[in-house]
Amino acid sequence: MKSKLKLMLIGVLTFVLALSLVGFVGCASGGNSSDGGKSETIVTPPEKLAKVYSVTMSYNGEAVDGTITAELSLGEITVTANVRKDEAADGTVTFSSSVPEVAEIAQSGLITLKSKGETVITATAGDKKHEIVLTVTAKMQTGEKHVITVTDGEASVAEAAAGDVVTITPAIPEDKEFLEWDFSDNVTIVNGNEFVMPGGDVKIKARLVNKLASLTVMEQPLDNRVTFGSPLNKEGLKIYAKSVISGEEWDVTESCVISDFTDEDFVTATYTLGEVTKTAQIPVNFVAGYEVNAKSFKNPDNDDNVAMNPIPETLDGEFDEKYKESGYICGTQGQTLRFSMQNGTYSASNFDKNQSLYFYFYSDFKATARIRISAASTRTYRTDGASGTPDAVYETVLADKFKLYFNASNAEVGVNPSAKAEAFKLGWASWAVCGHSSESWLTDVVVEKGWNYLRIDSIDYETPNIAYIKVQFRNGDPVEFADGAKTELASALIMKELPEDLEKALKGYEQVGAALLEQGNDRTTNTLTIRPEGSSHSTACMVLGDKVTFYVYSEVDGVAKAYINTASGDVGSYINGTPNSVKEVILKNSFSVKLNGADLTLNDDAKAEAYSQDTASWSVCQHFAVTELATVTLKKGWNTMQFLYAQGGQANLGDLTFKFIYEE
């Protein structure tokens, strides 16, 4: 009853309000109209609103708030969008998916399910949007098995059903350690190597790390002596490696590479495991070499007459104990060879032709060594110099006096052509005063571990006295000394013109060489030739324009000094018949010289000489002497040195010799 009365009251009030509005409009019109109140009133309606208030999505007829879940096996599902807006507003809806790989959505709202996972579906209308999370799952079927793929390991089974517990084991190489497992899906781990199978295939990878962390020398070697080219003795040495994760330590001594000694006070142990290399330093004591010195056998009661030691019958037992530290010097018995004191130096002396001198030494290593020798020349002089005052030094080239053998009677080794012994040139001819020991590089050898010996055979008289030898270990291979190259005109091939096959013509002349004589001028007498002059063979009758080409064969490439035996062809006439002066020809002023076709500049002091006498006979005035021409580079094989007589004083050219230079 109250409701009805309420409705009636509302209707009456509405009617009264309407009449009031009509009356108001009418009065207004009548007051302004010129036609007596008969004109119409125009009312402009308000503009229609065009606003979107909201957009919401529905799935299966129900509004979605937050998340929807769909099984992948459905393939497709559809969502709809509901837009609340003004009548004039544009209600077009646009759909999108944040992860198209999981699900794609068409503008019709049709969603294509593509894989397991999550994506955000967005519906947009005007400036309003609605987002929902779509979760795509695989249907879990009772008893269905799924594939298990393990990288760097293996599973207890290849396939398993959802809920099964699977055990996995890493495959760990020697150089790796296991860190953890990486799973491709949301897997429940029971313990480190077990997991609960989900409702789908699983991919698992063992994460491995490099095993080697460090290298440590735990125990030093019993003998830490080393030298160049000789490895450290590993006896007693212990080197351990340590792992990154577990801290495990293990012995890698035998697997380590120990470096050769260089110039540090340690060698380096290197161990590599897979991709990782570690090093450790081992302190060492460097052994430079050994010395065998004659003063070790000095007799204090009789310095000047100590008998030479006999050659040992055996090197072990008592001999080994007695001489292992000092070494041993011995030699040919029954002749003059002995130990004596000369000019303050104790030496193996009275060393004469056809005698042998031995130096024994014990080595703890097998290595390359350089042998140096201290020797003094036994040549003596009597000059016009002040008594007892040295006024010159005489040098003896050891290669002219010695043959060397090392560790075997037939194992000859080369002698360094630069090795020498010296003696002062004094006012009287006492060798004891003139002796002057000097040290030289003698030869290179490979020393064996244990006892070694160097045998020195004298091949000439006036053999130098020897104070000691030093065995110095060194890097690299031994230097093999070449004999040099030479042309000996007494035995050489002498050619007046080049043969058609020069190589064939020179074959067999490698040791003595060849010479080509080319005349530069027409003449009827005194033909350019080679002839003996006293004890020397040389060119004769050279005139301006003549050329002499020497052919020398070298066994190796190398730098050498060139020497020639020559005498001046110019003579003078003086009053008496004794040589009273020397006439010199400076060779660079007379000859144009080429080596292997290239111009060669001769030393300023390279010269030829002739005595001046009261007769102008060159055969009387001749004075052959060896002069150093230049330092040159020889190639292996045949080399040529050509002399063109161009101007000035004439010289006769004798044997051409090259001696290689060996730098320490």
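Which residues do ring pairs link into a cluster with Phe297? The exercises below treat this and other features of a predicted model.

**Exercise 1. Identify the aromatic cluster and classify one of its pairs.**

Step 1. Searching the whole structure gives 31 aromatic pairs.

Step 2. For the pair Phe297 and Tyr323, the ring centres are 6.3 Å apart and the planes meet at 35°. Rings pair if their centres lie within 6.5 Å. Planes under 30 degrees apart would count as stacked and over 60 as edge-to-face, so the pair of Phe297 and Tyr323 is tilted.

Step 3. Locate both residues in the chain. Phe297 belongs to the loop between strand S26 (289-293) and strand S27 (306-307), while Tyr323 belongs to helix H2 (residues 318-323). They are 26 residues apart, and the pair links distant parts of the chain.

Step 4. Check accessibility: Phe297 and Tyr323 are both buried.

Step 5. Collect the cluster. Ring pairs link Phe297 with Phe319, Tyr323, Tyr328, Phe339, Tyr346, Tyr358, Tyr360, Tyr362, Trp451 and Tyr453.

**Exercise 2. Work out the layout of the sheet that contains strand S10.**

Step 1. Write down the strand order: the open sheet of four strands reads S12-S10-S17-S14, with mixed pairing.

Step 2. Find the edges. Strand S12 (159-161) and strand S14 (176-183) each pair on one side only, which makes them the edge strands.

Step 3. Examine one pairing. Strand S10 (residues 145-151) and strand S17 (residues 202-210) run parallel and are joined by four bridges. Val150 has Ile204 in S17 as its bridge partner.

**Exercise 3. Describe two places where a charged side chain lies over a Trp ring.**

Step 1. Take the lysine case. The charged end of Lys211 is placed over the ring of Trp250, at 4.5 Å from the ring centre.

Step 2. Take the arginine case. Arg370 lies over the face of Trp441, with a distance of 3.6 Å to the ring centre.

Step 3. Apply the distance cut-off, which is within 6 Å of the ring centre.

**Exercise 4. Summarise the chain as a whole.**

Step 1. Count the elements: the chain has six helices and 55 strands.

Step 2. State the burial: 38% of the 664 residues are buried.

Step 3. The chain exposes about 36,200 Å², of which carbon and sulfur atoms supply 48%.

How values were computed:
Residues are numbered from 1 along each chain as its sequence is written. This is a predicted model: local features need pLDDT of at least 70, side-chain atom pairs count only at pLDDT 80 or more; totals for chains, interfaces and linings use all residues. Side-chain values use heavy atoms; hydrogens and water are left out. Two strands pair if DSSP finds at least two bridges between them. Helices (H or I, at least four residues) and strands (E, at least two) are DSSP runs, numbered from the N terminus. Rings of Phe, Tyr and Trp (its six-membered ring) pair if their centres lie within 6.5 Å; planes under 30 degrees apart count as stacked, over 60 as edge-to-face and the rest as tilted. Buried means under 20% relative accessible area, exposed over 50%, partly exposed in between (1.4 Å probe, protein chains only). A charge sits over a ring if NZ of Lys or CZ of Arg is within 6 Å of the ring centre and within 35 degrees of the ring normal. Accessible areas come from the Shrake-Rupley method with a 1.4 Å probe; for residues, only the protein chains shown count as cover.
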